[in-house]
Amino acid sequence: MKTVKEVKSVAKKKTVKKDPAVTYREDYTPPAFLVDTVELDFDVQDMLTRVSSRFSAQRNPASVNDRAPLVLNGEKQKLERVVVNGIELDAQNYELTDKTLTIPFVPDDAVIEIVSTNDPSKNTALSGLYVAGPMLCTQCESEGFRNITYFQDRPDVLAKYRVTIHADKKKYPTLLSNGNLIKKGVEKGGRHYALWEDPFPKPCYLFALVAGKMDRVSDHFTTKSGRNVLLEIYVEPGRKKETGFAMDALKKAMAWDEKTYGLEYDLDRFMIVAVSYFNYGAMENKGLNIFNDVCVLGRADTVTDAEIAFFERVVGHEYFHNYTGDRVTCRDWFQLSLKEGLTVYREQQFCGNMNSRSVERLHSVIKLRARQFPEDAGAMAHPIRPDSYQAIENFYTGTIYEKGAEVIRMIETLVGAKGFRKGLSLYLKRHDGQAATCDDFVKAMEEANDIDLDHFMLWYSQSGTPVLDVTSSYNAKKKEYTLRVKQSCAPTPGQKTKYPLNMPFCVGLLDEKGRDMKGTFVLDIASPEEVFVFLNVETKPIPSLLRGFSAPVRVMYPYTEEELRIIMAKDTDGFNRWEAAQKLFSQYVMAGDGVPPAFIKSLKQVMKDRKLDAATKAMMLSVPSVNDLGLQIAAQGKKIDPVKLHHQRQSIVKAIAAALADELWAIYESIEQELDEKASDGVARGKRGLKNLCLSYLSKVDVDTVEPLAVGTVTSGRNMTDKIVALTSLVGMDVPSKAKMLAFFAQKYAAAPATMDHWLSVQASAAKADVLKDVKKLMKHAAFSIKNPNRVRALIGAFADNPMGFHAADGSGYVFLAEIVAKLDKMNPNAAVRQAKTFLRWRDFEPKRAKLMKAALEKLAALPKLSPNTREVLQKALGK
């Protein structure tokens with residue numbers, strides 16, 4: 001590993017006038033009071049829930065004000081009673097606003113009792129306690145607990161919770177909360193109760209409660225120390241048969257965490273509850289994970305391969321939070337990536353070990369580029385540890401999660417796998433039961449490995465996607481090969497000046513036939529410009545740059561087409577083979593001159609390569625999306641015409657399909673004959689993905705053959721992945737059977753909302769100019785509900801990602817989405833923000849569309865009473 005002189009850069013702080021609506025990281029102060037124990041009593045009634053809270057509060061010796069009042073967060077509830085050390089307070093002895101309850105002159109040691117009521121049925125924001133189908137459930141991260149009771153709703157206040165739930169036994173037969181069930185019993189009037197206790201201190205955002213009619217599936221897991229842990233999955237009545245994938249994934253995750261990191265589950269039971277109304281994918285509440293049902297439930301014949309793979313991923317992710325998020329949590333929300341970036345990285349390791357590491361790495365890179373690179377290029381670009389926010393919910397982003405995971409990966413590259421485990425063990429041991437910071441994590445890595453990561457810490461504070469401009473030269477006489485690497489980063493909002501980052505840059509050298517010459521070098525990039533000289537290089541090499549995607553950057557190098565084709569065909573690094581193909585695809589799409597025969601030959605080599613697994617072949621044969629192509633265009637300082645780009649891309653797809661028709665049919669038929677429709681393991685998913693990619697290509701050039709094949713799959717196929725691809729092909733070909741097959745599918749799966757989400761998305765994604773008309777019609781269909789975030793993502797989200805619809809030349813797509821955002825904001829700001837973020841990069845588009853997008857944004861921003869969530873996005877989009 002080449003050592004370079006470290007460059008330390010510290011941004012100069014500017015004195016700026018602070019917005020009172022904004023929370024700033026530099027203003028963090030410890031809580032005025034700490035809490036040891038919390039006792040909650042929930043009296044669930046038909047129209048309201050009465051919450052009685054009793055907690056012990058001690059003045060925090062670390063507080064900056066030893067006379068500070070006790071300020072409790074509380075919203076959307078009715079306060080009934082406040083008691084301090086047994087004395088009930090009159091209203092004149094406390095201050096109540098719509099946001100806080102302030103109690104002055106609280107003794108240094110006090111017992112606080114508060115009674116309040118709230119109506120879960122009116123909670124359409126799905127934050128706090130709300131109705132989700134046949135049950136009540138909670139979502140408290142990040143600031144939902146304040147909608148349940150008055151409390152210091154911040155992650156650095158950790159306490160042990162004891163929770164009692166009372167409810168009608170017929171209506172709510174199952175009563176769940178965190179931890180272990182202590183006792184349960186019958187009460188008068190057909191009611192019952194359950195008492196739960198969590199022995200581990202946790203912040204209130206990890207509190208959970210579920211009550212309702214549910215079916216239960218149970219299993220057991222024996223830990224490495226011999227403890228028998230009860231595993232339970234609770235679902236809406238009639239869905240027990242859909243839990244198999246989740247239970248299997250849970251047991252795999254528990255075993256993997258023990259084997260890989262020595263982390264054993266610490267409670268007597270682990271519970272998962274699947275709910276039909278949920279803003280996110282899942283929530284890692286201690287011992288009681290709550291999942292969006294579309295992320296955890298399904299059978300092989302009702303869900304797609306992508307969903308099955310995601311079940312394993314999300315179950316693993318939430319389980320891994322038990323230590324990296326629950327046992328050690330984050331001090332404040334600016335440290336969100338401390339738990340999320342780290343846990344995403346652990347999730348990626350897990351999925352790679354369970355399936356294919358190379359395929360998992362490509363999956364992670366593709367997701368990062370699709371989700372996070374656009375963020376770094378947009379109006380809400382932020383570092384993985386932000387400096388400010390108006391609504392923290394807006395920062396559950398690809399930057400925090402995916403880029404955060406890449407930063408963790410770079411640390412492991414720098415210290416090695418054993419060093420990383422040693423550092424993680426030190427971090428968890430040192431901060432167990434505490435609220436930590438990103439600095440705490442990095443410090444543990446430094447101390448465990450005797451390494452200085454001070455310069456590396458800039459990754460936590462600097463936003464944007466760095467660009468590495470690489471040039472090379474070869475001295476045949478000296479047999480020396482030189483690489484010159486210059487790093488830069490474009491200005492981002494609030495950060496005009498950028499500083500050089502420290503990163504591992506993994507490089508290989510190939511000879512003229514694509515053979516690896518010297519293995520992989522891990523180069524240490526730290527300065528604005530670096531020079532690396534490789535000795536004893538026999539022939540002029542082709543550089544294989546950024547192997548394994550060793551840092552979340554873009555690399556610019558003047559490859560020839562021939563060099564890219566060699567890398568694509570021969571490199572031992574899976575990422576660079578895929579990247580070479582992506583570069584060539586992008587070049588041909590943007591040039592608009594067709595596909596040269598040499599590239600077709602290279603694609604044939606990929607298709608015939610027996611060493612490549614099917615999943616990797618499918619990714620290598622996939623043309624970059626319009627969004628990714630647009631991001632490349634914007635990075636060159638040019639403006640995007642998304643509709644033109646779509647047509648150029650389609651032209652390349654058709655040209656490839658025509659040139660490779662025989663090979664595509666051969667692969668399709670071979671996999672179709674050998675693959676069991678019911679097989680759902682990683683290998684089977686990869687083969688099915690390749691098979692269906694072939695069908696998608698062929699649907700562009702062989703309609704007469706593909707149409708009856710697709711109709712047969714929709715009507716008689718037994719695999720949902722095949723059915724959705726077939727339905728998508730029919731819609732894309734716009735053939736006479738399309739309407740009939742859409743109707744057939746809707747009738748057959750009308751009772752399966754998650755399956756119908758695909759039906760909605762397929763139609764909203766149709767590449768036709770009048771697709772908005774179809775979307776508006778579908779909004780009136782029984783399969784759609786604007787109150788359900790899953791349905792909104794399926795229909796509205798798919799439309800917003802459709803260049804032919806959303807970017808219609810007359811601006812109708814922009815007006816429509818702005819109207820949807822306004823409607824959603826009144827009931828569910830989180831759902832509104834997801835759609836509003838589509839406008840963030842409006843400046844990157846050609847002038848006419850940019851003007852229309854801006855007009856839609858300005859009209860939306862002018863509306864009164866917008867939520868802080870949506871207002872923050874709009875203000876940043878408009879540069880205010």
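Predicted model: local features only at pLDDT ≥ 70, side-chain atom pairs only at ≥ 80, totals over all residues.
**Exercise 1. Classify the pairing of F42 and F207, and say which parts of the chain the pair links.**

Step 1: Begin with the ring geometry. The centres of F42 and F207 are 5.8 Å apart, with 5° between the planes.

Step 2: Compare with the cut-offs. Rings pair if their centres lie within 6.5 Å, and planes under 30 degrees apart count as stacked. The F42 and F207 pair is therefore stacked.

Step 3: F42 belongs to strand β2 (residues 33-44), while F207 sits in the loop between β15 (191-203) and β16 (209-212).

Step 4: Check the surroundings. Both F42 and F207 are buried.

**Exercise 2. Find which charged residues lie over the faces of Y24 and Y28.**

Step 1: Look above Y24. K18 lies over its face, 5.1 Å from the ring centre.

Step 2: Turn to Y28. Here the residue over the face is R331, at 3.7 Å from the ring centre.

**Exercise 3. Work out the strand order and the edges of the open sheet of 4 strands.**

Step 1: Trace the strands across the sheet. The order is β10-β11-β16-β13, and the pairing is antiparallel.

Step 2: Identify the edges. β10 (128-132) and β13 (174-177) each pair on one side only, so they are the edge strands.

Step 3: Zoom in on one pairing. β10 and β11 (residues 135-139) pair over 5 bridges; T138 in β11 is the bridge partner of L129.

Definitions and conventions: Residues numbered from 1 in each chain as written. Heavy atoms only, no water. Phe/Tyr/Trp six-rings, centres within 6.5 Å; stacked < 30°, edge-to-face > 60°. Helix = DSSP H or I, 4+ residues; strand = E, 2+ residues; numbered from the N terminus. Buried < 20%, exposed > 50% of the residue type's maximum accessible area, 1.4 Å probe, protein only. Lys NZ or Arg CZ within 6 Å of the ring centre and 35° of its normal. Pairing = 2+ DSSP bridges.
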